[in-house]
Amino acid sequence: MTFQLFISDARNSPSATMRMSEILAPLSHALDMTEGQAPGHCIRCAYIGTRIGQEVGITGDALNDLYYTLLLKDLGCSSNAARICALYLADDISFKRDFKTVDGSLSSALRFVFAKTGLESGLSERFRAIVNIMQNGGEISQELIETRCQRGAEIAAKMRFSKVVQAGIMALDEHWDGSGKPAGLKGHEIPREANIALLAQVVDIFHQGDGRDAALQEVRSRTGRWFDPDLVAAMERLGRDAGFWADLKDPHIEDVVFQLPPALNEAHVTEGFLDDVAAAFSDVVDAKSPFTADHSGRVTLYTDMIAEEMGLAAGHRRWLRRGALLHDLGKLGVSNQVLDKPAKLNATEWQSVRHHPTNGARVLSQIDAFADIAPIAHGHHEKLSGKGYPLGLSGEEISLEVRMVSVADVFDALSAERPYRGPIPIADVFKMMREEVGTAFDGDCLNALESGMARFSRTRH
């Protein structure tokens, strides 16, 4: 898949009336990546859960809130990735994918821990990790789920979603019998949106893995433990409709979901809302690793400094800030075992890193409001010499805006702490980067960043 690296005039277009789901449904694919789920998981959950909601009589604004809870249920998913790697000595993406099949029983949980913990570690290291998990399992589980749920609710608030949606995301892992987390809510204490979202998640995962009968059997087995029996009964009724399962297997399921009543609601999407969505999803990306905390925010600041020094107009700069915020969206599909590795990457790990620009661009290209920033995500690791990745573009094939983000990205990577070294002093960073002007970096962009940083420093004193 390729994206020509040019910048369209769409950056100057006014806000338009569009469906909010047309922005958020494609972005949910980024959440699927970090959860290790088959592409379209959140979209299929939106279909399953909305149909369950309709079956139990949910309508109007309540159905809208349910729909967006389903689409955005995994907003906090990246925030516990690094901790999972550290605790379980495991690939966070496959760990999360497989953990969703565990039914919550002690025996199932123990089998999972032994099967997944420290498989590529030394025997003594693996033993210590398993002992730690056995001794502190309750606290560890509470910590991981609370972090994920709280962060997801905070990001939903940043995106201006209702308190109902925030509460639904916060309570995603609560169980009907009170055995869930983080608050141990029970029965009708659990927001209905949350219990429907969890039910939809289980249906999709087991249907994708083993088919319709396995999905129905799994939810039956968790009736009264995980799920409201009335919701399971509604799912059973839907399960007798062959068309329901056909829709879930439709390769164009997104088109089906866009025809659900909540998706048909049009809203005037302002430039401010698009800014908030970009900032929210950059938070999802940056939460994945402690070494990239606020990386996207800093890259955006440095990019804007360059743009200001080079005389870009205010509207152009605003558009470019969104591109900078989302330049690393594809990193959600890279394991923290790779991102946080304190040593040289092997060939397989390096290949995973090289794919992240394409993965991010693929998601952004599906969104009309963000399609024209997809080239920024795709091109920010290209080099003027042609020795960058993933496309090996060179010279004029790389747009000025992409060059700006590339300079800002490398500047932040060098001046911030990384798992394999401490931060490099800023003066040394500029010296290192100047040595690669014309091969890796655009000299005008680097000069603009240096002058912008100097001006910023003067205003602080």
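Predicted model: local features only at pLDDT ≥ 70, side-chain atom pairs only at ≥ 80, totals over all residues.
Contact here means that heavy atoms lie within 4.5 Å of one another.

Ala377 sits in helix 20, which covers residues 374-379, and because its relative accessibility is 0%, Ala377 counts as buried. Leaving aside residues up to four places away in sequence, Ala377 touches Leu326, His327, Pro357, Gly360, Ala361 and Leu364. His356 is 21 residues from Ala377 in sequence, and the C-alpha atoms of these two residues are 8.7 Å apart in space.

The buried residues of helix 16 are His316, Arg317, Trp319, Leu320, Arg322, Gly323, Ala324 and Leu325. Helix 16 runs over residues 314-325, and its twelve residues should span 16 Å at 1.5 Å a residue, which agrees with the 17 Å between its end C-alpha atoms.

Another helix to consider is helix 2 (residues 41-55), where Arg44 lies. Arg44 counts as buried because its relative accessibility is 5%, and its contacts, not counting residues up to four places away in sequence, are Ala38, Pro39, Asp204, Gln208, Leu248 and Ile253.

A search of the whole structure finds twelve aromatic pairs. The table sets out two of them.

| Pair | Ring centres | Planes | Kind |
|---|---|---|---|
| Tyr47 and Phe244 | 5.5 Å apart | 25 degrees | stacked |
| Phe244 and Trp245 | 5.0 Å apart | 85 degrees | edge-to-face |

How many residues apart are Tyr47 and Phe244? They are 197 residues apart, with Tyr47 in helix 2 and Phe244 in helix 12 (residues 242-249), and the pair therefore links distant parts of the chain. Tyr47 counts as buried at 1% relative accessibility, while Phe244 is buried with a relative accessible area of 0%, and Trp245 is buried as well. Elsewhere, Tyr88, Phe95, Phe99 and Phe112 form one aromatic cluster, and Arg222 lies over the face of Trp226, at 4.2 Å from the ring centre.

In soluble globular proteins, nonpolar side chains tend to be buried together. In this model the largest nonpolar core has 113 residues, and those with the most contacts inside it are Ile23, Leu24, Leu75, Met159, Met235 and Phe370. Apart from this core lies another, of eleven residues, among them Ala90, Phe112, Ile133 and Leu144. As for Leu75, its contacts beyond four places in sequence are Leu31, Gly152, Ile155, Ala156, Met159, Ile169, Phe281 and Val284.

The loops hold some details of the backbone. A cis peptide bond, with omega about 10 degrees, joins Lys181 and Pro182, and Pro182 is placed in the loop between helix 8 and helix 9. A cis peptide bond with omega about 10 degrees also joins Tyr389 and Pro390, where Pro390 belongs to the loop between helix 20 and helix 21.

Leu89, in the loop between helix 4 and helix 5, has a phi near 50 degrees, a positive value in a residue other than glycine. Asp294, in the loop between helix 14 and helix 15, has a positive phi of about 60 degrees although it is not a glycine. Is each of these two residues buried or partly exposed? Leu89 is buried, with a relative accessible area of 18%, whereas Asp294 counts as partly exposed because its relative accessibility is 46%.

Key. Residues numbered from 1 in each chain as written. Heavy atoms only, no water. Helix = DSSP H or I, 4+ residues; strand = E, 2+ residues; numbered from the N terminus. Buried < 20%, exposed > 50% of the residue type's maximum accessible area, 1.4 Å probe, protein only. Phe/Tyr/Trp six-rings, centres within 6.5 Å; stacked < 30°, edge-to-face > 60°. Lys NZ or Arg CZ within 6 Å of the ring centre and 35° of its normal. Expected span 1.5 Å × (residues − 1). Core = buried A, V, L, I, M, F, W, Y, C linked by side-chain atoms within 4.5 Å.
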